[in-house]
Amino acid sequence: MGNGSIIWMIFRALVTLFIPSYLNLNEEYFELNLQEDHHMNLGVQEDEDERGGGENVQEDVINGREWFEQEIDSDVKWSLALDSVVFEAASEFQSLSVLSTKRFGKALVIDGHLQNTELDEYIYNENLVHPSLLIHNEIPKTVFIMGGGGGSAAREVLKHKDIEKVIICDIDRSTADLIREHMTANHETFNDERLQLVQNDAKYELEKSEEKFDVIIGDLSDPDQSGPVHIYTKSFYQNVAKPKLKENGIFVTQAGPAGIFTHKAVFSTIYNTLKQAFPYVVAYTALVPSYGDSYGWILASSEQFNLDAEEIDTKIGERLREGLRYLDGAVIIASMVLNKALRKSKELEKSEEKFDVIIGDLPDPDESGPVHIYTKSFYENVAKPKLKDNGIFVTQAGPAGIFTHKAVFSTIYNTLKQAFTYVIAYTAMVPSYGDTYGWIMASDEPMNLDVEALNNKIGERMTGELRYLDGPVIVASTILNKTLRNSLMEETRILTDETMTVGYVRKPGVRRYDA
């Protein structure tokens, strides 16, 4: 070891003795590469010294220990140091925890997901609310908030002098009351006479409303396994939200994590789904420190947005009762310039290709199956637009026996009839099933069921021999017995987003068909 190395070691030792913080000067500055599979686990974990043996203890629920942990990936956790667990409760819809954190003040956790903290919630809520109100081509007066029962989004909306009416529609009134009790920043908001509170599912409340709004804000949980997926569908945007906006109205929604490694969880999919319903869609992001990642929001409208930084600053000065802590015109415009990775990813989410044939080889639409793939909305708005002009959609359609066809077969047939001009069902006996099984083809072009033509195509186009089918067998399979024919003609059930059940239940080892 050289003299220089020895001198450096002595210097570091002396500095450490007299200035202990020297080696931690960069403690507050760090970067995390986060990967998210949207199956997050929540726990509060004690420090290793208190555990005695250093064993890695992970609790399923908050239990008053020192660290709130949110598992983002099998190898990555995001942790906040705690002072205490202030409150825990559960409603019919979700579980709620209020934590006192050392860095961010009180933190709200719902169903294991960190929602916001006292220290930086303004970043999330200013971004959720103000861009839509400030780039609007008119002066917005009416706003409908989906979710947001804690009042933070409404608080930001009511900063605008010209607002005449704000509706908060939250399905879980009890949780909203608890949030207001323990997160006290929004107490004044609920005394504002312009605010109305409604307890209902936002979709159903909008459907029955005769009013149209300048802005509709989505402040709901992400569309994951526990979230309100039906509020994030093309059908909802196209058939519910869009018709309830005024002619130049704007829809805006929170859109989940928008980091380099996390944006594919929901952000890019929500963006692409909105693109199917609105001609103008703009995504924007901001770093929210307590989330440990960038977060995203998405604007959508049938009118082009007015994205002028100077004009936005003028509106802030004229229309708001008080200044904004995070946003101004330049920041709003800059937030809409996404990094290259996000821009590229959004393009990858879009499939511009059309297909000759789309095949559905999925489980039956029972309680455990992918019911949304069998709905009229899916056939009409997703599958059909992705077929070429003479394309054919075909799906397995469950048991098709004399006594079993009413489980799903006849309903799938009738649902496809609502979306396609030509629909043909066909069946075959599959010995291991102990029953006849069904498939259904659908197209907007007539299908050629000529035995000789089919045999010619088999000979010309196929490299191997078919073991079961030839022209006569294919055509004969489309001739259903009288019971099935009559049943298909009389079937009235249709699978929709609202009625995604057909009375069919599957259990391991047991298949039951309801009469």
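This is a predicted model: local features need pLDDT of at least 70, side-chain atom pairs count only at pLDDT 80 or more; totals for chains, interfaces and linings use all residues.
Residues are numbered from 1 along each chain as its sequence is written, and side-chain values use heavy atoms, leaving out hydrogens and water.

Now let's look at some rings. A pair of aromatic rings is described by the distance of the centres and the angle of the planes. Rings of Phe, Tyr and Trp (its six-membered ring) pair if their centres lie within 6.5 Å; planes under 30 degrees apart count as stacked, over 60 as edge-to-face and the rest as tilted. That rule gives 15 aromatic pairs. In one of them, F251 and F278 are stacked because their centres are 6.3 Å apart and their planes meet at 15 degrees. F251 is buried at 1% relative accessible area, and F278 is buried at 3%. F393 and F420 also form a stacked pair, with centres 6.3 Å apart and planes at 15 degrees. F420 is buried too, at 4%.

Finally, visit two annotated residues. The "active site" annotation in an unreviewed UniProt entry covers D219 and D361; positions follow the numbering used here, feature names are shortened, and annotations may be inferred rather than shown by experiment. D219 is buried, at 17% relative accessible area, whereas D361 is exposed, at 67%.

Terms used:
Buried means under 20% relative accessible area, exposed over 50%, partly exposed in between (1.4 Å probe, protein chains only).
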